[in-house]
Amino acid sequence: MTRVVVPKSKLKELLEGWIASYRVAAPVMNSGKLVFEEIKDFSDINLEDNLTYKSPKEFLFPQVEKIMSFGDNAVQTGTPDRKTVVFGVRPCDLDALKVMTAVFTKGKYIDTFFEKNLDNTILVGMGCLAEKPGCFCGDRGLDKSSSSDCDIFFSDNGETYTVEILTEKGRPLFEGMKLEEAASPAAIQKNTVSGGILEIDADENTVFNKINWAKISEKCLGCGICTFICPTCHCFEFKDTVETGEPVRYRCWDSCMYPRFTMHASGHNPRASKKERYRQRIMHKYLYVKKNFGYTACTGCGRCIRSCPAGMNIKSVVTEIVDNLRSEEF
């Protein structure tokens with residue numbers, strides 16, 4: 001690892017060099033929302049200490065992705081764009097991409113589309129200076145100011161950034177720049193909540209059968225917005241269509257909160273009720289992904305809390321479940 005100091009006065013020069021050579025995505029303000037978008041000019045970037053409405057997972061797992069077409073007696077698969085730099089990814093979203101990478105590349109089946117997009121992406125992280133409304137990353141054991149789950153990480157020091165070049169993939173972004181080497185920092189205690197990490201540590205059959213899911217999910221509208229703005233949700237479906245006379249297959253985001261998500265061809269639906277769908281969402285994030293991949297698929301980013309039209313709060317829900325399990329008040 002290399003640690004250098006980048007004066008804020010040189011940030012424009014640095015990023016303009018990236019824009020000239022790469023596709024660069026960064027937080028920008030669009031229609032009143034902070035979102036990750038491809039930028040063409042440094043002035044487009046919003047450098048305020050805020051969290052984007054949606055995470056940058058779309059650059060590795062697009063909401064609509066053309067994966068293959070069938071023409072001229074051959075199958076053509078989708079190919080990734082030129083190498084992409086995603087700048088300004090917060091620690092909660094870097095942790096989420098770690099979960100996504102495990103799901104798509106570490107299991108029984110490897111998702112080659114995600115894998116190619118990941119190989120073609122340079123992740124540039126940036127620490128948060130303050131907690132955002134609804135955030136509970138500390139309760140999930142994350143340090144909002146630091147992360148090593150990226151290729152490069154920026155820490156804001158006021159007039160300068162301390163930049164950690166963590167991988168060889170990130171090193172070319174600083175070629176040709178003369179930068180001062182940063183001193184090694186003193187050991188810093190992680191910025192987490194002292195009360196412990198918010199987890200569901202219980203037998204899944206107990207959680208499945210004993211918790212009052214009807215009561216917990218009573219307010220839920222089933223709109224699915226939480227799944228579309230969540231940085232770790234990864235449900236998808238395939239859509240086949242015809243373009244210019246050729247069959248084309250797309251992969252599109254889907255949601256476990258939708259009634260037809262688990263509808264069988266026979267007409268049977270194993271998760272016909274809102275209660276069952278909400279139970280699946282919580283158990284998948286806090287139990288199933290952890291069991292299969294070793295990670296909890298919730299980073300405490302708070303997006304679902306801030307955007308839920310019914311005021312559902314996943315932190316409160318999980319806390320209630322944990323309290324019920326401890327007291328055996330089912």
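Predicted model: local features only at pLDDT ≥ 70, side-chain atom pairs only at ≥ 80, totals over all residues.
Which residue forms a salt bridge with Lys291?

1. The partner is Glu204. The closest N and O atoms of Lys291 and Glu204 are 3.5 Å apart. This pair links distant parts of the chain: Lys291 sits in helix α7 and Glu204 in helix α4, 87 residues apart. Lys291 counts as exposed, at 62% relative accessibility. Glu204 is partly exposed, at 27%.

2. Now follow helix α7 itself. It covers residues 274–293 and reaches 27 Å from its first C-alpha to its last, close to the 28 Å expected. The helix bends by about 55° at His284. Just after α7, Gly294 takes a positive phi of about 90°.

3. Buried residues of α7 include Tyr278, Ile282 and Tyr286. The buried residues of this helix pack against several others, among them α2, α4 and α9.

4. Next, the largest nonpolar core. It has 28 residues. Tyr278, Ile282 and Ile314 are among those that touch the most other members. Helices α5, α7, α8 and α9 each supply at least two residues of this core. A second, separate core of 27 residues includes Val24 and Tyr161.

5. Back to charged pairs. Lys215 forms a salt bridge with Glu320, with the closest N and O atoms 3.2 Å apart. Lys215 lies in helix α5 and Glu320 in helix α9, 105 residues apart. Contrast Lys12 and Glu16, whose closest N and O atoms are 2.7 Å apart. Those two are four residues apart in helix α1, so about one helical turn separates them.

Terms used
Residues numbered from 1 in each chain as written. Heavy atoms only, no water. Expected span 1.5 Å × (residues − 1). Bend = angle between axes of the 7 residues up to and from the residue. Buried < 20%, exposed > 50% of the residue type's maximum accessible area, 1.4 Å probe, protein only. Contact = heavy atoms within 4.5 Å. Core = buried A, V, L, I, M, F, W, Y, C linked by side-chain atoms within 4.5 Å. Salt bridge = Lys/Arg side-chain N within 4 Å of Asp/Glu carboxyl O.
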